[in-house]
Amino acid sequence: MNTFRADIEEIRRRALEKMDDGAVTASYKADREKVISVLNEVLATETVCTLRYRNHYFTAKGIHSSGVEDEFLQHAKDEQEHADRVAKRITELGGRPNLDPEGLATRSHVQYGTGEALEDMIKEDLIAERIAIATYSEIVRWLGNDDPTTRRMIEELLGKEEEHADDMAKLLSRVRK
Ligand SMILES: [Fe+2]
Ligand SMILES: [Fe+2]
């Protein structure tokens, strides 16, 4: 009956032992360095998505595309919010968010894009969202139960990217008419 109590004492002792590790305790099962490096790729992905959507927002504004630019801007804001959440999680794990512009495109899972016509821009966004959906699904599977907090965050991002992909698919059929 006192076993649970003893466990609590042990947990407390271990938590106090390594205060410098912040949110990471001895019950953390994942390979922390590996998770940080994967999260830095996600951070690069979200940053590239932010920049691409912002570029599309300003470009679409120039070609008077009735409401399309608002959608680009909203997505840019969502991706920036994702990037911030990922950066925060990296610091919780004791890592350092890599926002170095050098190598950003290489670390990212998705591309920045070069499309100039509205339809091409939307296609690029749709492709990027579909890649993010595929890679984030992989990350969720890889994390399993080893880091539930990071997994939950990636799952939330994944849900949003699915909405984004849906938005872009609808937009694409709208501009093709
Ligand atoms: Fe995102
Ligand atoms: Fe997205």
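E79 bridges the iron ion (ligand 1) and the iron ion (ligand 2), and these two ions lie 3.9 Å apart. Please bear in mind that this is a predicted model, in which local features need pLDDT of at least 70 and side-chain atom pairs count only at pLDDT 80 or more, whereas totals for chains, interfaces and linings use all residues. Residues are numbered from 1 along each chain as its sequence is written, chains are lettered from A and ligands numbered from 1 in the order in which they are written, and side-chain values use heavy atoms, with hydrogens and water left out.

Helices are DSSP runs of H or I, at least four residues in length, numbered from the N terminus. E46 and H82 are both buried, that is, under 20% relative accessible area with a 1.4 Å probe, protein chains only; exposed is over 50%, and partly exposed is in between.

The largest nonpolar core has 39 residues, and L39, F72, V86, Y136 and I154 have the most contacts inside it. Such a core is a set of buried Ala, Val, Leu, Ile, Met, Phe, Trp, Tyr and Cys residues joined through side-chain atoms within 4.5 Å. Helix 5 gives the most, with ten residues. Beyond its neighbours within four places in sequence, V86 is in contact (heavy atoms within 4.5 Å) with L39, V42, L43, M153 and L157. A second, separate core of six residues includes A44, V48, C49 and L104.

Finally, the aromatic residues. There are two aromatic pairs, counted where ring centres of Phe, Tyr or Trp (its six-membered ring) lie within 6.5 Å; planes under 30 degrees apart are stacked, over 60 edge-to-face, and the rest tilted. Why is the pair of Y53 and F72 called tilted? The ring centres of Y53 and F72 are 6.4 Å apart and their planes are at 40 degrees, so the pair is tilted. Both Y53 and F72 are buried.

Definitions and conventions. Donors are N, O and S atoms within 2.8 Å of the metal (3.2 Å for Na, K and Ca); water is not among the atoms, so sites may look incomplete. Helices (H or I, at least four residues) and strands (E, at least two) are DSSP runs, numbered from the N terminus.
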